[in-house]
Amino acid sequence: MRDATPKDWLEAELQDTLDEDIEIELEDATLSQELSRIYRAAHPDAMPRADYFRELLRLQAELIRLQDWVSYNKEKVVVIFEGRDSAGKGGAIKRITQRLNPRVARVVALPAPSDREKTQWYFQRYVPHLPAGGEIVLFDRSWYNRAGVERVMGFTTEDQVEQFFRDVPEFERMLVRSGIRLVKYWFSITDEEQQMRFLMRIHDPLKQWKLSPMDLQARVRWEDYTKAKEDMFERTNIPEAPWYIVPGNDKKRARLNCMAHLLSMIPYGDVPHEEISLPDRVFNPDYEREVLPPELYVPQRY
């Protein structure tokens, strides 16, 4: 059997990469053919899969360059992802971080505050998650919970909301003055699109875990969320940290547009890299590998 050429090896790696992307994309598939038909009818201009993967890989390669630049220059980057339930924040975050080093780029998705955290300064629970030099932090929902879900669902008082609106511009200016590059995204979908995505989750056992009582209330309180969003934009869209709206009805285009925009917001470039070479393996003729008991091995079922 002939040895694999470098071209063969690269082609195999590329195929593995595409297989991984396709596996991730399966989350967008539905088990119901009828729901799938309805979804395709609502998105007649869907982006061809080949075009999507080609651009996704190109942007992910650029994100690796960005990661290397952030790490080398000890930059600090915070990216906030907000939007309605099912708007596509999680899918965009997953594609952004898919090929990045988790020691450099990490996702923060905090649970509901504990009783102790409820007594803290509101921003206190978020501060420990801010980046040090050479780190990128992506907030899957952030301190803007106070202006959105907490306000709409009655988990906070209007006095606390007003205090938040007075504090958050200065808090974000402090972050920017400290050297943090702060980018804020709002993923926007229509009423009809959210309803369709919720119905798909209800009928897809692979997605039902994504539906919570809070999500269902989001449908009931659509207009309340709209008013809260408009108020939030008016009070927190500051020059130092403006909001950027990502139209999200088309998931694939939303992800690509968000990734491309994020890359455009940071003046990254190439950084020096040491040349890597594989060292020779040390061979000890007196070493004999022990035979391990078979019960230590995972059963070969496939």
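Me: How much accessible surface does the protein have, and what share of it belongs to carbon and sulfur atoms?

Reply: The accessible surface of the protein comes to about 18,800 Å², and 54% of that belongs to carbon and sulfur atoms; accessible areas come from the Shrake-Rupley method with a 1.4 Å probe, and for residues only the protein chains shown count as cover. This is a predicted model, in which local features need pLDDT of at least 70 and side-chain atom pairs count only at pLDDT 80 or more, while totals for chains, interfaces and linings use all residues. Residues are numbered from 1 along each chain as its sequence is written, and side-chain values use heavy atoms, with hydrogens and water left out.

Me: Why is Leu 296 called exposed?

Reply: Exposed means over 50% relative accessible area, buried means under 20%, and partly exposed lies in between (1.4 Å probe, protein chains only). Leu 296 has 59% relative accessibility, and therefore counts as exposed. Leu 296 is found in the segment after α10 (251-264), where helices are DSSP runs of H or I with at least four residues, strands are runs of E with at least two, and both are numbered from the N terminus.

Me: What makes Leu 292, Leu 296 and Tyr 297 a nonpolar patch?

Reply: Patches are made of residues with over 30% relative accessible area and no salt bridge, nonpolar side chains (Val, Leu, Ile, Met, Phe, Trp, Tyr) being joined within 5 Å and like charges within 9 Å. A salt bridge, in turn, is a side-chain nitrogen of Lys or Arg within 4 Å of a carboxyl oxygen of Asp or Glu. Leu 292, Leu 296 and Tyr 297 form such a patch on the surface, with about 340 Å² of accessible area together.

Me: Why is His 129 described as partly exposed?

Reply: His 129 has a relative accessible area of 25%, which is why the residue counts as partly exposed. His 129 sits in the loop between β2 and β3, and touches Arg 106, Val 108, Leu 110, Val 137 and Phe 139, not counting residues up to four places away in sequence; contact means heavy atoms within 4.5 Å.

Me: How do you know that strands β1 and β3 pair?

Reply: Two strands pair if DSSP finds at least two bridges between them, and 6 bridges join β1 (residues 76-83) to β3 (residues 135-140), which run parallel. Lys 76 stands opposite Glu 135 in β3.

Me: In what order do the 5 strands form the open sheet?

Reply: The order is β2-β3-β1-β4-β5, with parallel pairing. The edge strands are β2 (105-108) and β5 (243-247), each of which pairs on one side only.
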